[in-house]
Amino acid sequence: MTIPSSPGPDRLRRVVDRIQGLPTLPAMLSSINRLMVNPRTSAKEIAQLISSDPAITSKVLRVVNSSFYGFPNRISTVTHAIVILGFNTIRSIVLSTSIFDALRKSQPAHGFDRAAFWRHSIGTGACSRVLARKLGYTALEEFFIAGLLHDVGKIALDSYLPEDFAKVVAKVKDSDCTMLVAEEAVLGVNHADVGGWLLQKWSLSQGLVDAVARHHSPALAGENLKPAAIVHVGDMLARALQIGSGGDRRMPVLSEEAWSALGIGADSFPALLAEGSDEAERAMVFLEFAR
Amino acid sequence: MPLYPIDKVAPGMRTATPVVDAGGMLLVREGAEITAEILERLRSRKIPAVDILVGGGQPPSGTPLSVTDPDAALAALAHAFESVNGNPVMKALYEAASERIRAGRRP
Amino acid sequence: MDASAPHEETKAEADALRHAYEVSRFVQDRSREIRGARASADIVRSFAEAARQLVGSGGTQFYVRDAGGGQMVLHKTTGDTTIRRLGASPWRPPKETLDWVAKERRTTTVPGENDREWHTLVPLVVAGDVSGILVLDVPQAAGELAQQTIEALTFLAEEAAAALIAAEERARLDDEVGRIDRERSFLANILDSITNGILAVDLDGRILQINRNAAAMLDIPSLDVIGQDFEPLLTGDVRMELRAIFDETLQAGFAMERLVTTHLGGAEFPIAVGSSLLRDDALQAFGCILVFRDMTASREMDRLRKLDQMKSDFVANVSHELRTPLTSIKAYCEALAGMPRTPKEMEFLQVIEEEGDRLIELIEDLLDVSRIQSGTLRLNLELGNPGELVAEVLAMPRLHAGKHRITSNLSPDVPEMLFDWNRLKEVVLNLVSNAVKYSPEGGDISVSLSVAERNLRIAVEDHGIGIDPADQASLFQQFFRVDGSLAAKVSGTGLGLAIAKGISEAHGGTVSLKSEPGKGSVFTVIMPIRKEPPKEEVKPERSPFG
């Protein structure tokens, strides 16, 4: 068993310095963020901004009208979408579609199944969302995104360090270990560290960065222990439901700190799995953006 | 992966990609074997065509099989949990998940 | 770049900050007000007023889940948005939207009939379940509302929802208190309706509960003695006895029931006092409960029962004592009859003998009755054919002295069965001779024997004077004889039917009667057909020691 360690900044730097030409997120995201900082911004103003990009607009409307949200009436304008689902929800939808868009362009190396990967990511997002709802959180989209992006480091490695990543995939295949263990052995850093670094580079919120960077070591997440713990367990739930694959066939080790931080009992698993499975099925609408 | 028009899709074929309907609802997971029941569902949702896996190739390595067969799913689950079942919480998760498979409630 | 731009930007930021501060202060004040309101009407009013100031609305609707836990139904509304839309019916959220809010537990703002009218729906989450939905009318395009306004509205609505839940909970608690009060008086009514006296005291002897009857029996003038020590309220023997019972109960866990005599208004009343420990849910003793039974009534019953027993014993003894001399008298009569006598002497001797026989018969009847009554009638069960028995009875010459035509109808399927030949013969004889006696004009008497549902059925039918319905019920009692001129002429002890009934019952059967005055009577004996002795009568043939 390998206890996930926090790599020294040097080790991480040595790896990520070799990652070149990373995609960027659309400027619209930072514009939305800037608008939302001002409390007097109206839904109409945000909607005008989003509507300036027809591709994003159509994706947002596609998602808000999907069974993932299941709103009983058709939502035909972005303004309606913002008012009905809330400012944060729409920002999260824009963010997630943008991320799919950015990563879709990167070329997959051999031996790593992107379709299964995204299904696992969406499943983890859905399960994290279910967990967050059970724990009484209201900003559920943040947790969906955190789950969705928890393994984004694997995509970065796959696309930008394909030779190293091919070794990782080969090691997983040979010794039937987890990706985490193989990455630590091959690279000295793992996909969680790389994912956290990427999200930080994209200027996403510290909560999101910590939840992704610490999803295998929630105890090190500091004040964001709970979000990291939610993604940690969300990942377990998605694996138990066998939704897609993160690239390995083994369960990672449960963090006791994470489990006790959530304060739920093991008897809630049947209900969590049932809800997670339903939610994941509805969330598969995002899969089209990954193609 | 060839795109088969729905009237050329037959039971026994395997999907190459997940099939999602116009509302974003997942109808069939990728790698799933088409059964008469699934075919009926695809037709009723007006799915025009399906990506079909040719050559009966296995999914890429490292990917758990997209198992429709409960026995294979149970075996994959048992394998995944093998090394962590000493933890009572993980054991409970394992049991809850296998119970779902046994009860036929598959994602 | 324009030099004034940074200055403009700073100004705008300061503006936004000031605005944000004002809104947050407003929200704080209002939320304090909402939380301070206790009645749900006040909460909704406070919220509606705050909402009016934020977005110019006043209308709210409050939905709660119906009793079955299913649909959301409109509970109350405040404010009238209807004035604006004169004549139109007020907007109500569609069921699907309510369901969606309840399922998603998400505060949302949805369009009303047009783009200039929106409605914010806030789920009320209690213990993980959505128990209600608060709807706020927003009379302007929600798209133009500032983010902060929507957030403030949502926040206040959530505060109102929380306050409403607390108010509903308070109302429920008040109901609960009322229910407990009702339950308590219900229990007190039950206690007071019990004829026994009940006194519950704690371990220190302080009264926990006392009912009306206990107060009456113990001569305690008021029921308002809860919390008082029970001893000083009592006097004399009662005080000592109850103290002793109380101590004994605390020590041993129980006390034998005992009789205590109380004095009420100069008269003595016997009461039986029983006691037991009072235990809580954890079986820990916390007091003692004393139960008082008024023994006045049961003493009277006891006296009557003893009297009845004495009478039965007396009848049995006397009958026995009478039989011995009578047997001697009969024997001497027979001896005298064997000697040469004049016809006159023979006639007198016959009278003596006949009267002696009647006396013996009467005494036998009396003995039977007392055996039946005391439960000591023993049956000598043997296999026999009831048909033969009936034939034997009908052959008796004494039944054919009058002008009656006695017929029998004996079903061939009557099997051999267990019964006491002599006793059953007595029953049939009694019934047939009754039929003869009460048919003074003669006529047909029929005796029928059949099997009905595994039971033997013996029916004796006459066409005599019949029995008045008023007399039918008491007919089977001892010494009962039907009044009337004819009945007076008929001899009899009045024991026959009582004996017939006793013997039938000893065989596990019954005797019943159908009769109409002037038309005749049918007496029917029904008894189970047994081939083997009943279990309880099976005795071991030999003692294991014998």
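Chain A has 16 helices and zero strands, while chain C brings 13 helices and 17 strands. Helices here are DSSP runs of H or I with at least four residues, strands are runs of E with at least two, and both are numbered from the N terminus.

Please keep in mind that this is a predicted model: local features need pLDDT of at least 70 and side-chain atom pairs count only at pLDDT 80 or more, whereas totals for chains, interfaces and linings use all residues. Residues are numbered from 1 along each chain as its sequence is written, and chains are lettered from A and ligands numbered from 1 in the order in which they are written.

**The chains one by one**

- In chain A, residues 24 or more positions apart account for 70% of the contacts with a separation of 6 or more; two residues are in contact if their C-beta atoms, placed from the backbone, lie within 7 Å.
- Chain B holds three helices and five strands, and along the sequence they follow the pattern β-β-β-β-α-β-α-α.
- Of the 107 residues in chain B, 28% are buried.
- Among chain B contacts between residues at least 6 apart in sequence, 54% join residues at least 24 apart.
- Chain C has 546 residues, and 27% of them count as buried.
- For chain C, 58% of the contacts between residues at least 6 apart in sequence join residues at least 24 apart.

**An enclosed helix in chain A**

- Helix α13 (residues 206-213) of chain A is largely enclosed by the rest of the structure, because six of its eight residues are buried.
- The buried residues of α13(A) are A:Leu208, A:Val209, A:Asp210, A:Ala211, A:Val212 and A:Ala213.
- Their cover includes α8 (140-148), α9 (152-160), α12 (191-201) and α14 (225-240) of chain A.

**Nonpolar cores**

- A nonpolar core is a set of buried Ala, Val, Leu, Ile, Met, Phe, Trp, Tyr and Cys residues joined through C-beta atoms within 7 Å.
- The largest such core has 149 residues, and those with the most contacts inside it are A:Val60, A:Val212, C:Ile133, C:Leu134 and C:Ala160.
- Leaving aside residues up to four places away in sequence, C:Ile133 touches several residues, among them C:Tyr63, C:Met72, C:Leu98, C:Val101 and C:Leu121.
- A second, separate core of 33 residues includes C:Phe419, C:Ala498, C:Ala500 and C:Val511.

**Where chain A meets chain B**

- This contact takes 36 residues from chain A and 33 residues from chain B.
- On the chain A side, α7 (114-134), α10 (162-175), α14 and α16 (269-283) each supply at least two residues.
- The biggest giver on that side is α16(A), with six residues.
- The chain A residues that touch chain B divide into 21 nonpolar, seven polar and eight charged; Ala, Val, Leu, Ile, Met, Phe, Trp, Tyr, Cys and Pro count as nonpolar, Asp, Glu, Lys and Arg as charged, and the others, Gly among them, as polar.

**Where chain C meets chain A**

- Here 19 residues of chain C are in contact with 17 residues of chain A.
- On the chain C side, α1 (5-36), α3 (95-104), β3 (108-111) and α4 (147-193) each supply at least two residues.
- The largest share of that side, four residues, comes from β3(C).
- The chain C residues touching chain A divide into 10 nonpolar, seven polar and two charged.

**Strand pairing in chain C**

- Strands of a sheet pair through backbone hydrogen bonds, either parallel or antiparallel; two strands are taken to pair if DSSP finds at least two bridges between them.
- Strand β8 (residues 254-264) and strand β9 (residues 267-279) of chain C pair in the antiparallel sense over nine bridges, with C:Val260 opposite C:Ile271 in β9(C).
- Two residues lie between β8(C) and β9(C) in this hairpin, and C:Gly265 in the turn has a positive phi of about 55°.
- An open sheet of five strands runs in the order β12-β14-β15-β17-β16 (chain C), with mixed pairing.
- Its edge strands, β12 (404-410) and β16 (510-516) of chain C, each pair on one side only.
- Seven bridges join β16(C) to the antiparallel strand β17 (residues 520-528) of chain C, and C:Ser515 stands opposite C:Ser521 in β17(C).

Technical notes:
A residue is buried if 20 or more other C-beta atoms lie within 10 Å of its own, exposed if 12 or fewer, and partly exposed in between; C-beta atoms are placed from the backbone.
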